[in-house]
Amino acid sequence: MTRFYLTTAIDYANGEPHAGHAFEKVGADVIARYRRALGDDVHFVIGMDEHGQGIAEEAERRGTETQAFVDELAELWAGVWRRLEISNDDFIRTTEKRHRHAVEAIVEGMKASGDLYVDSYAGYYCVRCERFRKEEELVDGRCPYHPKREITWTEEENWFFRLSRYRDPLLSHLEEHPEFVQPASRRNEILRLLEGGLDDISASRSRLPWGIPFPGADDHTVYVWIDALTNYLSATGYPDEGYARWWPATLHIIGKDITRFHCVIWPAMLMSAGVELPGTVWAHGFVSVSGGKISKDAGSELDLDELIDRHGTDAFRYFLVREAPWDGDRDFASASELLDRFDQRYNAELANDLGNLVSRTAAMVHKYRQGSIRVGAETPLDEARASFAASYHERMQDYLLHEGLKEIFGLVRRANVYVDEVRPWELAKEGEAAAERLDAALGSLVRCLRGVAAMLGPFMPSKAAEIWLRMGGGEGLPTHSDASVPPAGASGEGAKPTTPLEVRRGPSLFPRYEPEA
RNA sequence: GGCAGGGUAGCUCAGCCUGGUAGAGCAAGGGACUCAUAAGCCCUGGGUCGCGGGUUCAAAUCCCGCCCCUGCCA
């Protein structure tokens with residue numbers, strides 16, 4: 001069985017999740033579910049980044065004890081992920097004991113390689129970025145990304161990580177493993193960054209109580225990025241026996257804003273500590289409204305809960321992945337454009353194309369065959385199904401989720417055309433003379449929808465399970481081997497079930513949305 | 001300022017590598033049908049392919065310059 005350890009960036013425990021956070025989690029969840037459906041041994045981890053000066057300050061501002069503050073937020077975030085049906089196997093928090101254990105181990109490992117040294121540092125520190133900024137980077141004396149906050153001049157004695165030493169090893173790693181940073185545009189950015197040379201970075205902060213004590217120097221805490229990045233390793237049980245059950249990670253999903261941490265600092269830390277490197281870091285883009293975050297600021301209907309409520313969890317998951325390319329950005333001109341687009345896709349693609357196809361197929365099987373269809377001959381629709389499925393798997397294996405989804409709907413569209421081509425209602429009137437042709441047509445439609453259910457499972461788990469159930473598939477989600485759509489190269493055993501399939505009817509899967517005029 | 005990507009129908013985008021009478025989906029208009037969620041299917045309208053120049057029998061596609069947008073780095 002193929003081992004597949006998948007992570008997303010852990011979220012900074014400050015504030016509430018918005019649609020942008022949801023995009024990352026849903027995309028990663030699609031990959032996790034897709035790999036499980038293929039039969040991979042998947043371990044999917046998400047979590048919270050709970051250390052750092054910014055968090056301690058926020059807790060103080062609210063008059064809460066810091067641990068209680070992050071506990072509350074962790075519960076809030078985890079609740080949102082449950083609502084979005086994110087199927088993570090673990091939820092790592094950087095305030096957990098297991099994490100501290102791993103951070104201590106990796107710092108010791110780096111120290112043992114001679115890559116940590118003490119030096120004094122003076123510079124501007126942005127609490128929101130949790131990093132030092134050079135004076136020339138400042139805009140009006142403030143962090144360019146957090147202009148509302150005062151930036152503080154900090155002078156202290158710190159531990160440093162000899163990052164500069166890893167420029168050449170990182171370059172050759174990228175040379176030998178072009179898949180290490182994806183998509184390719186991000187890889188090129190990292191290559192250029194490396195070519196420009198690396199400075200050492202600080203590995204500790206002094207006088208900051210909210211963090212992990214630096215091993216061997218209790219008056220220091222581990223620099224938050226070194227702390228945070230290690231979560232991927234701590235979730236495997238590192239450094240204890242058995243952590244290699246999951247490590248090295250197959251795929252880290254992150255936002256494009258934190259590539260340097262994941263594609264430079266993280267692998268350098270691992271090299272230093274003598275730990276294997278992850279397979280791929282995938283930097284996705286952002287979903288935004290006129291360039292800004294999709295938060296309440298952009299309009300109250302854009303609140304994450306409201307968006308999910310609008311057409312349900314599955315429809316929201318569908319919309320996010322369909323609308324925003326997984327390897328790029330999607331900017332909506334305004335809140336209303338986003339909502340119009342959402343409603344439009346919901347009605348056109350989910351209600352009209354897919355929902356109606358399920359409905360008309362089940363209705364015909366009942367009307368003409370009393371709800372039970374036996375295997376008929378292959379039809380042109382079976383050929384289309386195989387061809388769309390092959391493209392689907394290709395796209396999914398390249399993590400082009402939006403394109404995979406497009407293939408599924410290409411098949412749905414083809415099936416709707418097919419119904420009009422064979423006109424089952426006319427075959428039904430011909431009686432015995434056309435019985436075989438009618439069996440074949442209805443049979444291939446049911447097989448087609450079983451395939452659609454399998455392919456759709458990663459994106460819309462509940463609706464896909466419902467389609468599978470109605471098309472005689474039983475409870476639960478189909479895997480790609482027991483559905484009618486085998487992965488490329490496999491044989492399609494389930495494509496032609498030998499016993500008749502009992503097709504069920506039901507209420508509309510996606511009732512058309514008619515806004516109050 | 002350096003590097004990278006992009007500017008094609010009202011909207012979102014494909015085509016550009018490997019030049020040859022502009023494509024898809026959505027939205028709009030019309031038609032035939034009836035299994036279906038007044039859904040589906042078929043047809044139609046609509047674009048000086050950012051601007052200017054060059055190469056060529058022929059350029060959205062190749063070359064040069066400029067403008068605008070986005071990202072990364074300064």
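In which sense, parallel or antiparallel, do strand β8 and β14 pair? They pair in the parallel sense, over 2 bridges. Keep in mind that this is a predicted model.

**Around β14**

- Strand β8 covers residues 181-182, and its Gln182 has Trp282 as bridge partner in β14.
- β14 also pairs with β13: 5 bridges join the two, and they run parallel.
- In that pairing, Leu251 sits opposite Thr280 of β14.
- β14 itself (residues 280-284) is mostly covered, with 5 of its 5 residues buried.
- Thr280, Trp282 and His284 point one way from the strand, while Val281 and Ala283 point the other way, and all are buried.

**Antiparallel strands**

- Strand β5 (residues 116-126) and strand β7 (residues 152-161) run antiparallel, joined by 10 bridges.
- One place to look is Leu116, which stands opposite Phe161 in β7.
- β7 has a pairing with strand β9 (residues 201-202) too, antiparallel and over 2 bridges.
- Here Phe160 faces Ser202 of β9.
- Further on, 3 strands make an open sheet in the order β10-β12-β11, with antiparallel pairing.
- β10 (204-206) and β11 (213-214) are the edge strands, each with a single partner, so one side of each has no neighbour in the sheet.
- β10 pairs with strand β12 (residues 217-222) over 3 bridges, and Ser204 has Val222 as its bridge partner in β12.

**Helix packing: α6 with α9**

- Helix α6 (residues 184-195) packs against helix α9 (residues 259-273) at an angle of about 55 degrees, with the axes 11 Å apart.
- That angle is why the two helices, α6 and α9, count as oblique to each other.
- Their crossing is right-handed.
- On the α6 side, the contact is made by Arg186, Ile190, Leu193 and Leu194, and on the α9 side by Thr259, Arg260, Cys263 and Val264.
- Sorted by class, this contact of α6 with α9 has 5 nonpolar, 1 polar and 2 charged residues.

**Helix packing: α10 with α11**

- For helix α10 (residues 304-311) and helix α11 (residues 313-323), the axes come within 6 Å and cross at roughly 110 degrees.
- So α10 is roughly perpendicular to α11.
- Leu304, Leu307, Ile308 and His311 of α10 make the contact with Thr313, Ala315 and Phe316 of α11.
- The residues in this contact of α10 with α11 split into 5 nonpolar, 2 polar and no charged.

**Two cis peptide bonds**

- Tyr238 and Pro239 are joined by a cis peptide bond, with omega at about 5 degrees.
- The bond from Trp247 to Pro248 is cis as well, with omega near 5 degrees.
- Pro239 lies in the loop between α8 (231-234) and β13 (251-255), and the loop between α8 and β13 is also where you find Pro248.

- Gln370 is not a glycine, yet its phi is positive, about 50 degrees.
- You'll find Gln370 in the loop between α12 (335-369) and β17 (372-373).
- Gln370 counts as exposed because its relative accessibility is 65%, where the cut-off for exposed is over 50%.
- Tyr399 is another non-glycine with a positive phi, about 65 degrees.
- The loop between α13 (380-397) and α14 (401-422) holds Tyr399.
- Tyr399 is buried, with a relative accessible area of 11%; buried means under 20%.

- Gly371 is in the loop between α12 and β17.
- With 2% relative accessibility, Gly371 counts as buried.
- Setting aside neighbours within four places in sequence, Gly371 is in contact with Val365, His366, Leu501, Glu502 and Val503.
- Gly472 is 101 residues away from Gly371 in sequence, but C-alpha to C-alpha the two are 9.8 Å apart in space.

Technical notes. Residues numbered from 1 in each chain as written. Chains lettered and ligands numbered in written order. Predicted model: local features only at pLDDT ≥ 70, side-chain atom pairs only at ≥ 80, totals over all residues. Heavy atoms only, no water. Pairing = 2+ DSSP bridges. Helix = DSSP H or I, 4+ residues; strand = E, 2+ residues; numbered from the N terminus. Axes fitted to C-alpha atoms, helices over the stretch in contact; angles between N-to-C directions. Parallel < 35°, antiparallel > 145°, perpendicular 65-115°, else oblique. Left-handed = near helix turned anticlockwise from the far one by under 90°. Contact = heavy atoms within 4.5 Å. Nonpolar A, V, L, I, M, F, W, Y, C, P; charged D, E, K, R; others polar. Buried < 20%, exposed > 50% of the residue type's maximum accessible area, 1.4 Å probe, protein only.
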